[in-house]
Amino acid sequence: MKKSYLLIFVALAVVFTTGVWFFTTGFAVSQLGVIQFGVIGLLIVFALFIVFSRFKSEWRGEPAEDELSKKIMMKASSVAYFISIYFWLGLMYYSDRVPDEPRHLIGMGIFGMAVILAVCWLVIRWRGIKNG
Amino acid sequence: MDNRIRELRARHNLTQDDLARTVGVRRETIVFLEKGKYNPSLKLAWDIAKVLGVTIEEVFIFEENLDQP
């Protein structure tokens, strides 16, 4: 239950900071900004989907997480970790050739890691887990 | 690994929800098991077999690889 509330808190914090960012731009969002807002929106939908499925299980009298959900998250995290390493390498390669502010690159890296984890989780959940 | 959970569950008039609650997992886990998309832990396999009133070997059919010695 605590984990579900923590997820809601994180999602709300992201919505709040995105809102602050949006208002400070004076509603003049660039094309890249629209893509970033879109990605943030998708990540929030992903977090809310997880929270909703956890609450649904609790309402049914089932545990919020069990051995399968833990294994899916564990495998998704490990696969996302390896992909993220190559993603950061790609970003370093990109930063050597295209001059950009370091904070933009770090932001892209964090964004990318969140997206990679979400995609890995969805793919592993769709494919299932078979030991061995 | 194949299994007979769906068949045995129907024989006991148990829904996926009932079985999930009884063995202490989410309904999604039972769905994954029945579709053959997840191989359970020994503890979960034991609990399912116990609820369905059969042995583990009767629920989960392990296909041995005949090519290996």
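Modeller: Let's start with burial: a residue is buried if 20 or more other C-beta atoms, placed from the backbone, lie within 10 Å of its own, exposed if 12 or fewer, and partly exposed in between. Note that this is a predicted model, in which local features need pLDDT of at least 70, side-chain atom pairs count only at pLDDT 80 or more, and totals for chains, interfaces and linings use all residues. Residues are numbered from 1 along each chain as its sequence is written, with chains lettered from A and ligands numbered from 1 in the order in which they are written.

Colleague: Which residues of H3(A) are buried?

Modeller: Helices here are DSSP runs of H or I with at least four residues, strands are runs of E with at least two, and both are numbered from the N terminus. In H3(A), the buried residues are Leu68(A), Ser69(A), Ile72(A), Ala76(A) and Ala80(A).

Colleague: What do the buried residues of H3(A) pack against?

Modeller: Contact means that the C-beta atoms of two residues, placed from the backbone, lie within 7 Å. The buried residues of H3(A) pack against helix H4 (102-127) of chain A together with helix H3 (27-35) of chain B.

Colleague: What span should H3(A) have?

Modeller: The expected span of a helix is 1.5 Å times one less than its number of residues. For the 31 residues of H3(A) that gives 45 Å, and the end C-alpha atoms are 45 Å apart, which agrees.

Colleague: How many residues of each chain take part in the contact between A and B?

Modeller: Chain A brings 13 residues and chain B 15 residues. On the chain A side, helix H3 (residues 67-97) gives the most, with 3 residues. That side divides into 3 nonpolar, 5 polar and 5 charged residues. Here Ala, Val, Leu, Ile, Met, Phe, Trp, Tyr, Cys and Pro count as nonpolar, Asp, Glu, Lys and Arg as charged, and the others, Gly among them, as polar.

Colleague: Into which domains is chain A divided?

Modeller: Domain bounds come from an automatic or database domain assignment. Chain A has domain 1 (1-65) and domain 2 (66-132), with C-alpha centres 18 Å apart. In their contact, 5 residues of domain 1 of chain A meet 7 residues of domain 2 of chain A.

Colleague: And what is the radius of gyration of chain B?

Modeller: This radius is taken over C-alpha atoms, and the globule rule is 2.2 Å times the number of residues to the power 0.38. With 69 residues, a compact globule would have a radius near 11 Å; chain B has 12 Å, which agrees. Chain B holds 5 helices and 2 strands, in the order β-α-α-α-α-α-β from the N terminus.
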